[in-house]
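Here is my note on the model you sent. Keep the structure open beside the text and find each element as you read.

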Amino acid sequence: MVSSSHEALHQICQKDTEGMIRSFRRLLHVPFPEPRAIAVVNTDLTEIEPVERRVDSLVRMDTDEGDFLLVLESQGKKDERKRGSWPYYLSYLYEKYRCEPVLIVMTQSRSTARWAAQPIRFGLPGWSSLVVRPLVLGPDNVPVIADETEAARDVTLAVFSAITHGKGANAAAILGPLATVLETVDPDSAVVLAELVESGLVDAQAKKIWKELMMPVNYFFKNPVAQKVREETRVEDWSEVILNILKWRDIEVPDSVRLRVRACSDLDQLKAWSERAIHVTEATELFDDDGV
């Protein structure tokens with residue numbers, strides 16, 4: 001059964017292909033040409049014979065330097081069958097579309113990334129008839145974006161960073177800044193990106209934190225009431241988010257901290273505390289940088 005994290009890794013490329021192509025250039029150091037046109041392509045590679053073969057995502061990119069098919073594969077673990085499937089996909093797609101296929105493998109696992117990056121060679125020793133060299137994105141070459149300014153600079157990459165590092169200890173550190181940045185983007189896009197992050201996170205604790213962080217954001221996007229009422233409700237929500245993050249991290253919250261958080265009506269201050277709540281070791285450290 002295909003997992004939600006598997007789907008999130010490659011579906012973000014369908015939602016914002018141009019953003020991911022920028023990320024490919026930055027992370028893979030490959031000179032992807034500037035696209036003139038982009039289209040999501042049917043992923044079914046089944047032939048007349050009753051053998052079904054299907055890639056995860058397939059995107060056509062037309063450029064001044066030629067036309068390319070981005071074959072996007074989300075890989076959760078090592079699978080030696082892929083050493084036969086991936087070359088088949090590329091050959092079949094080239095024959096069908098007469099368009100250069102580019103294989104990009106995405107994973108949340110370092111060991112799987114190392115395995116997937118190994119060239120697939122067919123032929124005689126020293127004389128390969130066919131060589132497939134996947135481009136691989138994984139925890140080692142996708143940065144941990146835990147800074148709000150950096151996340152705002154490239155929201156798509158920040159979302160992909162959260163999904164890629166969804167298994168590790170870094171997941172929680174990414175979520176606070178990303179939640180804040182999603183409030184500044186187009187609401188329809190933000191809802192889609194937020195759902196992709198939730199699907200991609202595989203750590204139960206990180207999923208809980210993300211759901212709580214998204215509670216005020218979802219309210220802001222979907223509720224049609226007046227701005228003043230929205231802001232008041234969001235303040236109340238952010239207060240509970242901070243306290244819940246501390247609770248889930250098994251950090252004791254003194255009454256003095258609880259009262260100060262709930263008494264705060266400054267939305268920016270509450271957001272700053274929510275980001276600190278992901279890292280602090282004691283509840284009182286929430287206030288260390290407030291200059292009071």
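The points below go through a sheet, a hairpin, a helix pair and one alanine.

1. Ground rules. This is a predicted model, in which local features need pLDDT of at least 70 and side-chain atom pairs count only at pLDDT 80 or more, while totals for chains, interfaces and linings use all residues. Residues are numbered from 1 along each chain as its sequence is written, and side-chain values use heavy atoms, with hydrogens and water left out.

2. Five strands form an open sheet in the order 1-2-3-4-7, with mixed pairing. Strands (E, at least two residues) and helices (H or I, at least four) are DSSP runs, numbered from the N terminus. Two strands pair if DSSP finds at least two bridges between them. The edges are strand 1 (35-40) and strand 7 (135-137), and each pairs on one side only. On average, neighbouring strands of this sheet are turned by 25° against each other, direction ignored.

3. Inside the sheet. Strand 2 (residues 57-63) and strand 3 (residues 66-74) run antiparallel and are joined by seven bridges. Find serine 57: leucine 72 in strand 3 stands opposite. Helix 3 (residues 82-97) packs on the sheet and touches strand 2, strand 3 and strand 4 (100-106). Contact here means heavy atoms within 4.5 Å. The direction of helix 3 makes about 150° with that of strand 3. Axes are lines fitted to C-alpha atoms, for helices over the stretch in contact, and angles run from 0 to 180 degrees between N-to-C directions.

4. The hairpin. Strand 5 (residues 120-124) and strand 6 (residues 127-132) are antiparallel, with five bridges. Leucine 124 faces tryptophan 127 across the pair. Two residues lie between these strands, and glycine 126 takes a positive phi near 85°.

5. The helix pair. Helix 6 (residues 155-164) and helix 7 (residues 171-182) have axes that come within 10 Å and cross at roughly 145°. The contact includes Val155 and Ala158 of helix 6, and Ile174 and Leu175 of helix 7. Is helix 6 mostly covered or exposed? Helix 6 is mostly covered, as ten of its ten residues are buried. Buried means under 20% relative accessible area, exposed over 50%, and partly exposed in between (1.4 Å probe, protein chains only).

6. One alanine. Alanine 283 lies in the segment after helix 12 (267-277). Its relative accessible area is 2%, so alanine 283 is buried. Leaving out residues up to four places away in sequence, alanine 283 touches Leu246, Ile251, Glu252, Val253, Pro254 and Val257. Lysine 247 is 36 residues away along the chain, yet the two C-alpha atoms are separated by 9.8 Å.
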